[in-house]
Every structure is written in structure tokens, then in C-alpha cells.
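Subject: Structure for your review

Hello,

Please find the structure below. My notes on it follow.

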Amino acid sequence: MLDEGLFLNPSKAFIANLGVISSDSDADSAIGFGPNIDLIIGELGAEVNLDVDQEIKFMPQAIDGVLSYRNRNTGESFMTPFVMGILDMIDITMEALSEGLWDFSLLGLDLVSLFNNDVELEIRPTINYI
């Protein structure tokens, strides 16, 4: 009844730049046929047309995670969460650091983003008389 080859294939590679919207779209159509009836004076048939449109939008908004830091000399260690938004620089409140050599690590990094996938389907049934 329907075109088995109907598919959408947006082929955009999304790059994670904070605050930048990446988008792509695709469209396809399919035709389905119903029964035809021979009426002696003509032929009556049904047809269904399908149009599909898809639009994808992706916008990274922030990066969050945990800053871990450890003093090699004393063994003191701390962890503090952070969020870096679209217009922010990393603003981290840290414990007072004692003298010594410190190692810093970023842990559990997550990309916070908006993602929309809109699909629109239009069905247009028609009756043909030939």
C-alpha cells in the first residue's frame, strides 16, 4: 500500500559550540494506492499521498562537572561542582589552598543542551475518476 522507500535522512554533523544552534532538515513523499473499480463508463480509484518533513535543532547551553584538586605534599583533597554557561566563564569557589604542589582534574563533564526533532506528516487522500 505504501512506498517502502520512505525515509528521512538529515546528514548534519552537529558541533557543540555553546549558544550556537545547529540545524538540518529533510523531506520525503510517498504514494499509496487503493483499489480501482471499473464502472463501465470509467474507472474509480483511491490514492493517498504522504509528505513528511523533519527539522532537527541542537543547541549546547552549558558544560558542568566537578573540579577535583589534591595537594601532593599534604594529601589534602577537595571536590567542587561547577557550571560553565553560554556567557559565563568558569566560576569556582575553592577551599583556601595550602602551600605545595597541587593537581587539578575535571571529572564527570556533561554537556547540557536543547535538542528538538520536529516531524510533520501531511496525509492527502484523493479519489480519481478516469
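Confidence and findings

The mean pLDDT of the protein chain is 79, with 79% of its residues at 70 or more. Where pLDDT is low, predicted coordinates should not be read in detail.

Residues are numbered from 1 along each chain as its sequence is written, and side-chain values use heavy atoms, leaving out hydrogens and water. Local features need pLDDT of at least 70 and side-chain atom pairs count only at pLDDT 80 or more, while totals for chains, interfaces and linings use all residues.

Strand pairing (at least two DSSP bridges between two strands) is as follows. Strands β2 (residues 43–71) and β4 (residues 102–129) are antiparallel, paired over 26 bridges; Arg 70 has Asp 103 in β4 as its bridge partner. Strands β2 and β3 also run antiparallel, joined by 9 bridges, and Val 66 stands opposite Pro 81 in β3. The hairpin of β2 and β3 has 5 residues between the strands, and Gly 75 in this hairpin takes a positive phi near 85°.

The structure holds 3 salt bridges (a side-chain nitrogen of Lys or Arg within 4 Å of a carboxyl oxygen of Asp or Glu). One of them joins Arg 124 and Asp 51 at 2.7 Å, N to O; Arg 124 lies in strand β4 and Asp 51 in strand β2, 73 residues apart. Arg 124 also meets Glu 122 in a salt bridge, at 3.4 Å, N to O. Through shared partners, Asp 51, Glu 122 and Arg 124 form one network. Asp 51 counts as buried, at 18% relative accessibility, whereas Arg 124 is partly exposed, at 34% (buried is under 20% relative accessible area, exposed over 50%, partly exposed in between; 1.4 Å probe, protein chains only). Arg 72 and Asp 103 form a salt bridge with their closest N and O atoms 2.7 Å apart. This pair links the loop between β2 and β3, where Arg 72 sits, to Asp 103 in strand β4, 31 residues apart.

Asp 118, in strand β4, is partly exposed at 46% relative accessible area. Its C-alpha is 6.4 Å from that of Ile 56, 62 residues apart in sequence.

Regards

Note on methods
pLDDT is the predictor's confidence in each residue, from 0 to 100. Helices (H or I, at least four residues) and strands (E, at least two) are DSSP runs, numbered from the N terminus.
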